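Me: I would like to learn how to read a model of this kind feature by feature, taking the general idea before the particular case. Could we go through it together, slowly?

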Amino acid sequence: MTQPKPLNLPFDPIDRAAESWRAHFGPSAAMAAVTSIMRAHQILLSQLDALLKPYGLTFARYEALVLLTFSRTGALPLSKIGERLMVHPTSVTNTVDRLEKSGFVRRLPNPRDGRGVLAEITEPGRDVVRRATGDLTAAEFGLSMYAEDELQAMFDHLRTLRVAAGDFAGSSMRQDEEHGGLL
């Protein structure tokens, strides 16, 4: 997997920032955690986009194709794509425009809504999803340094944040997850 250029710093800049934060403002755990999450996002997005570049994809475009692959008919309204991917309608339009130019999706009139548009995955789109997914899976989505139980714990911790943000109702969690997986 293509790695972003290593910084090779002689210290952890986020830890250093946390020390300064504590000295100037007080407790720094939340600042250090969010800064680490944002840096991890940069690293992962760079790695995943580098893996997907040979396919003419970015991670955002890949996610849209996977969503269409998972749909029953291979087609979804643009509004549903935005809702499921949790992105602004303008981002969906841009993503679908680029996928359409690449021949990976086509736009169709929505038969249920005369004004609406569906994005439908094409055979070349299905093929590129299969090939790109093989590469992403082989690279463990950039998280090969973690064990399976660590990945699950990471997901669980971040899910708590997503529930608190209102991404979905916490009541939709499986019963075992709601209680820390102890049921």
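Predicted model: local features only at pLDDT ≥ 70, side-chain atom pairs only at ≥ 80, totals over all residues.

Me: How many strands form the open sheet, and in what order do they lie?

Reply: A sheet is read through its pairings, and here three strands form an open sheet in the order β1-β3-β2, with antiparallel pairing. The edge strands are β1 and β2 (105-109), each of which pairs on one side only. From one strand to the next, the twist averages 30°.

Me: How many bridges join β2 to β3, and which residue in β3 is the bridge partner of R107?

Reply: Five bridges join β2 to β3 (residues 117-121), and these two strands run antiparallel. The bridge partner of R107 is A119 in β3, while P109 has V117 as its bridge partner in that strand.

Me: Over how many bridges do β1 and β3 pair?

Reply: β1 and β3 pair over three bridges, in the antiparallel sense. L76 has A119 of β3 as its bridge partner, and A119 is also the bridge partner of R107. As for burial, β3 is mostly covered, since four of its five residues are buried.

Me: Let us turn to helices. What length does α3 reach, and which of its residues are buried?

Reply: The general idea comes from the geometry of the turn: an α-helix has 3.6 residues a turn, so residues three or four places apart point the same way. In this structure, helix α3 (residues 59-70) has 12 residues and reaches 16 Å from its first C-alpha to its last, which is close to the 16 Å expected at 1.5 Å a residue. The buried residues in α3 are F59, R61, Y62, A64, L65, V66, L67 and L68.

Me: Why is R16 classed as partly exposed, and where is R16 found?

Reply: R16 is found in helix α1 (residues 13-24). The class is partly exposed because the relative accessible area of R16 is 41%, and the class in question lies between the cut-offs of 20% and 50%. As a separate reading of distance, the C-alpha atoms of R16 and A40 are separated by 17 Å, although these residues are 24 residues apart along the chain.

Me: What is the volume of the largest pocket, and which residues lie nearest its centre?

Reply: A pocket can be read by its volume, then by its lining. The largest pocket holds about 1,400 Å³ of space, and it is lined by 25 residues, of which H41, L44, F59, L143 and L158 lie nearest its centre. F59 is also among the buried residues of α3.

Me: Which elements supply the lining of the largest pocket, and of what classes are its residues?

Reply: At least two residues of that lining come from each of α2 (29-52), α3, α4 (78-85) and α7 (148-164), and α2 gives the most, with eight residues. By class, the lining of the largest pocket has 18 nonpolar, three polar and four charged residues.

Me: And what can be read from the second largest pocket?

Reply: The second largest pocket has a volume of about 340 Å³. Among the 14 residues that line this pocket, R72, T73, A75, L76 and P77 are the closest to its centre. Two or more residues of the lining come from each of α3, β1 (75-77) and α4, and the largest share, three residues, comes from β1. By class, the lining of the second largest pocket has seven nonpolar, three polar and four charged residues.

Methods:
Residues numbered from 1 in each chain as written. Heavy atoms only, no water. Expected span 1.5 Å × (residues − 1). Buried < 20%, exposed > 50% of the residue type's maximum accessible area, 1.4 Å probe, protein only. 1 Å grid on protein atoms, 1.4 Å probe; cavity = no way out; pocket = protein on both sides within 12 Å on 5 of 7 lines; lining within 4 Å. Points joined across faces, edges and corners; volume = space filled by probe spheres on them. Nonpolar A, V, L, I, M, F, W, Y, C, P; charged D, E, K, R; others polar. Pairing = 2+ DSSP bridges. Axes fitted to C-alpha atoms, helices over the stretch in contact; angles between N-to-C directions.
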